[in-house]
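Visitor: Please show me the chain, and then take me through it by question and answer.

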Amino acid sequence: MIDNAIPNLPHIDQIGFVVFDLKASVRNYEPLFGEFDIWEPTIIKAADYRGKLADCTLLIATAHTGELEIELIQALDGYSPHLEATERGRFGMHHLRYRINDIQVYIDAAKSCDYEVIWYKDWDETTKFAYLERPE
């Protein structure tokens with residue numbers, strides 16, 4: 001058993017990929033995951049990114065395979081983990097999503113496993129997100 005595991009994580013319900021060209025990536029992934037829904041550009045305002053409030057604009061497409069959502073993200077501008085990955089040429093699998101009820105409980109548990117919150121947004125009581133990573 002892992003000594004320092006985050007307890008009671010639900011099943012993963014999304015795998016997110018950072019892509020260079022959303023339309024080309026949709027064409028490449030449709031044979032695997034079926035038809036994608038391509039969203040209007042998504043603007044995220046005033047998210048806490050590495051300790052500063054930052055805006056970003058993302059192009060997003062989603063598809064489903066069973067209960068698992070596949071999300072393709074092309075960073076357009078601003079500051080976000082997606083743009084950071086793009087600038088470093090790190091395309092491909094980027095994040096996993098777990099739907100949870102109490103985000104702070106899981107953030108605290110993840111911190112005990114050396115994760116730190118790098119991107120956070122609290123829209124309202126029911127809609128929040130946190131991206132976490134380890135220093136290594």
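Guide: A definition comes first: helices (H or I, at least four residues) and strands (E, at least two) are DSSP runs, numbered from the N terminus. This is a predicted model, in which local features need pLDDT of at least 70 and side-chain atom pairs count only at pLDDT 80 or more, while totals for chains, interfaces and linings use all residues. Residues are numbered from 1 along each chain as its sequence is written, and side-chain values use heavy atoms, with hydrogens and water left out.

Visitor: Where does Ile-12 lie?
Guide: Strands carry the letter E and are numbered from the N terminus. By that numbering, the place of Ile-12 is the segment before E1.

Visitor: Which residues does Ile-12 touch, not counting residues up to four places away in sequence?
Guide: Contact means heavy atoms within 4.5 Å. The C-alpha atoms of Ile-12 and Glu-69 are separated by 9.2 Å, although the two are 57 residues apart along the chain. Leaving out residues up to four places away in sequence, Ile-12 touches Leu-68, Leu-96, Arg-97 and Tyr-98.

Visitor: Is Met-93 buried or exposed?
Guide: Buried means under 20% relative accessible area, exposed over 50%, and partly exposed in between (1.4 Å probe, protein chains only). Met-93 belongs to strand E6, residues 92-97. Its relative accessible area is 56%, so Met-93 is exposed.

Visitor: What accessible area do the residues of the nonpolar surface patch have together?
Guide: Patches are made of residues with over 30% relative accessible area and no salt bridge; like charges are joined within 9 Å, and nonpolar side chains (Val, Leu, Ile, Met, Phe, Trp, Tyr) within 5 Å. Areas come from the Shrake-Rupley method with a 1.4 Å probe, and for residues only the protein chains shown count as cover. Ile-12 is partly exposed at 32%. With Met-93 and Leu-96, Ile-12 forms a nonpolar patch on the surface, and the accessible area together is about 260 Å².

Visitor: Which residues are linked with Asp-13 in a network of salt bridges?
Guide: By the 4 Å rule, the count comes to seven salt bridges. The residues linked with Asp-13 in a network are Glu-69, Arg-97 and Arg-99.

Visitor: With which residue does Arg-50 form a salt bridge?
Guide: Arg-50 is in the loop between E3 and E4, and has a positive phi of about 50° although it is not a glycine. Its relative accessibility is 36%, which counts as partly exposed. The salt bridge has its closest N and O atoms 3.0 Å apart, and the partner of Arg-50 is Glu-133.

Visitor: In what sense do E4 and E5 pair?
Guide: Two strands pair if DSSP finds at least two bridges between them. In E5, the bridge partner of Ala-61 is Leu-72. The hairpin of E4 and E5 has two residues between the strands, and Gly-66 takes a positive phi near 65° there. Over 10 bridges, the sense of the pairing is antiparallel.

Visitor: Over how many bridges do strand E1 and E5 pair?
Guide: One of the residues involved is Gly-16, whose bridge partner in E5 is Glu-71. Strand E1 (residues 14-18) and E5 run in the parallel sense, and the number of bridges is five.

Terms used: Salt bridge = Lys/Arg side-chain N within 4 Å of Asp/Glu carboxyl O.
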